[in-house]
Structure formats: structure tokens, C-alpha cells
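User: I want to learn how to read packing and backbone features in a model. Can we work through a case?

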Amino acid sequence: MAFFTHHICRGLSSSAVRHVVIKNVTIIGGGQMGAGIAQVAASTGHAVTLVDTNEDILKKAVKGIEGNLKRVVKKKFADKPEAGEEFLQKAMQNVSISTDAGSVIQGTDLVVEAIVENLKVKQDLFGGLDKVAPAHTIFASNTSSLSITDIASSTNRLDRFGGLHFFNPVPVMRLVEVIATSSTSQETFDSLLNFSKMLGKTSVSCKDTPGFIVNRLLLPYILDAVRMYERGDGSKEDIDIAMKLGCGYPMGPFELSDYVGLDTMKFIMDGWSAANPDNPMFAQSEVLNKLVAEGKFGKKTGEGFYKYK
């Protein structure tokens with residue numbers, strides 16, 4: 001089923017838009033990231049509609065959200081079980097699901113997209129939603145590697161479009177990167193910053209640059225470690241130990257690669273390499289390419305740079 005089923009001409013001027021207090025949120029994508037964002041938003045009093053084309057994915061997401069919240073209640077409300085049950089019930093009442101974004105978007109203040117990292121798919125989604133969403137509705141992408149400007153180009157609300165890059169797992173990771181394009185209005189940017197604060201997150205501001213802050217620094221660091229390994233400068237085990245004990249990092253670069261997913265890393269680096277073919281920082285890695293070609297993506301497949309049982 002499509003994300004939207006009908007088009008409505010929207011002729012309202014963006015000049016009428018003021019600072020938006022975000023209360024109603026539509027999240028597109030019922031995977032791990034989308035469900036995580038939905039959980040945090042619902043837990044902080046926002047009305048959330050989680051949208052996906054697959055109803056089974058949505059049911060799984062809701063079940064996962066409830067299970068996660070029950071663990072939160074057990075930990076945080078150990079001495080107040082009645083308060084914990086009330087918290088759980090209120091949070092779950094804030095979550096609804098739909099397979100049709102067009103039918104639920106009319107009352108939303110913010111649309112957060114957390115679907116596949118494919119520019120055309122994201123553009124098609126937002127281009128369709130732009131025709132049916134209210135004038136005040138802000139659009140945001142959770143992309144970790146694609147240009148927010150490029151995604152927003154399929155819409156007529158460039159001033160009401162930004163990036164909200166959450167980190168996995170969303171309920172645990174405290175950071176949100178809030179990205180403004182050259183067209184994002186100050187009102188929109190302030191609304192996204194305030195929304196992040198209401199979620200209990202720490203936000204950092206960033207321009208629409210490849211990888212934003214974290215991935216722009218993290219992935220080249222990891223690839224430098226891989227190239228050291230390829231040259232025989234050190235074993236992956238010793239490089240991991242060195243960075244953990246020498247820099248105080250909780251994981252070494254190879255351990256972190258397996259956690260992030262080698263396929264995800266390669267996808268991002270391939271995009272950057274294509275856009276910056278002369279930049280040696282984004283050069284291909286034979287070892288990474290080989291592992292991905294063999295289906296060894298890291299912890300999620302049982303093997304990456306290391307083997308997992």
C-alpha cells in the first residue's frame with residue numbers, strides 16, 4: 001500500500017508559518033530506528049503515528065516498544081509499581097499505527113522519515129506527502145549520510161525541512177544532530193531543537209555537510225584503521241586494544257565497525273567516494289569490499305572483522 005493515497009492542492013504561503021510547538025508526530029518507517037523514535041516521543045507525551053507499508057512490521061514495532069517500556073518501568077519504577085503502570089499505559093496510548101501516511105498526516109506537526117537510505121525513495125515519499133500535508137507541518141529526515149538539501153528538493157517547503165539524525169538505539173543514545181540547510185527557516189530550526197529537548201536528548205547543530213558531525217569524523221577514522229590493517233601496520237586486535245586503552249574508547253574501530261554494520265559503512269563510503277572521487281579519505285577498501293561481498297556484515301550476520309556465536 002502506498003504511503004499516500006490522494007493529492008490535495010496546497011496553496012498556502014509559507015510566510016504564514018510561525019514557530020511550531022510539536023505535539024503530533026508522524027514517523028515514517030517501522031524499523032528499529034523509526035520504532036525507537038516513536039518510543040521516545042510517546043514516552044515524553046507526544047501523540048505518535050507510526051507508518052509503514054507492512055502491517056506486520058508495525059505490529060512487531062508496537063510489541064517491541066511495549067516490551068522496551070516494560071523494562072524501563074521495571075528499572076525506574078521499582079518502588080512505585082502503580083506509577084510505572086500509569087506511565088506505561090499513557091505512553092502506549094500515545095502510539096497509533098497506519099499503513100497510509102496520507103490519511104493521518106492532516107493533523108501532524110512533524111513528519112520524521114526513517115526509511116531506506118535511498119535518495120529517490122526518500123524524494124518520492126516527501127514529494128507525495130508535501131501535496132497533502134498542512135502548511136505548518138515540518139518535514140525531517142533521519143538520514144545518516146544523504147544530503148538533506150537533495151531530499152528536500154522534491155518538495156515546496158524548503159523552509160520547513162531539516163534533518164533529525166538520531167543514533168541507535170534511540171531510547172539509549174542521548175544525542176540528536178539537528179541539521180539545517182541553507183533554506184531552513186530559523187522558526188523551523190528552533191522547533192526541531194525544541195522537539196529534541198522535549199525528548200530529553202542533547203542536540204548539536206550542524207550544516208548540511210556529508211555525514212554531519214559524528215559520521216563525518218567516525219567513518220574516516222574507522223577506514224584509516226582498516227587501511228593500517230591492510231598495510232600490515234598492526235593486527236585488528238592490537239589496533240582495537242590500542243584505541244581502547246590509549247584513548248579510552250569503549251570499542252576499538254573494528255569492534256565498532258561490526259556493531260555499526262559493514263554493509264552500512266560501505267554504503268555510506270561509496271556515496272561519499274562517488275561524490276568526492278579525488279579525495280583519498282573516501283578511497284575504497286579491499287578488505288571491507290570483500291567482507292561485504294561475502295555477506296559478512298558484522299554482529300547482525302554473525303561475522304564481520306570478528307566472528308560471533
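**Contacts and cores**

Analyst: Start with leucine 164. Leaving out residues up to four places away in sequence, leucine 164 touches Leu110, Val112, Ala140, Ser141, Asn142, Val176, Glu177, Val178, Ile179, Leu192, Phe195 and Ser196. Contact means heavy atoms within 4.5 Å. The model is predicted: local features need pLDDT of at least 70, side-chain atom pairs count only at pLDDT 80 or more, and totals for chains, interfaces and linings use all residues. Numbering runs from 1 along each chain as its sequence is written, and side-chain values use heavy atoms, without hydrogens and water.

User: Which residues have the most contacts inside the largest nonpolar core?

Analyst: In soluble globular proteins, nonpolar side chains tend to be buried together. A nonpolar core is a set of buried Ala, Val, Leu, Ile, Met, Phe, Trp, Tyr and Cys residues joined through side-chain atoms within 4.5 Å. Buried means under 20% relative accessible area, exposed over 50%, partly exposed in between (1.4 Å probe, protein chains only). Here the largest core has 37 residues, and Ile27, Leu110, Leu164 and Phe166 have the most contacts inside it. Helix α1 (residues 32–43) gives the largest share of this core, seven residues. Helices (H or I, at least four residues) and strands (E, at least two) are DSSP runs, numbered from the N terminus. Another core, of 20 residues, lies apart and includes Ile115 and Phe161.

User: Is phenylalanine 212 buried or exposed?

Analyst: Phenylalanine 212 is buried, at 2% relative accessible area. Its phi is near 55°, a positive value in a residue other than glycine. Phenylalanine 212 sits in the loop between β8 (202–207) and α8 (214–231).

User: Where is proline 169 found?

Analyst: In the loop between β6 (161–166) and β7 (175–180). A cis peptide bond joins asparagine 168 and proline 169, with omega about 0°.
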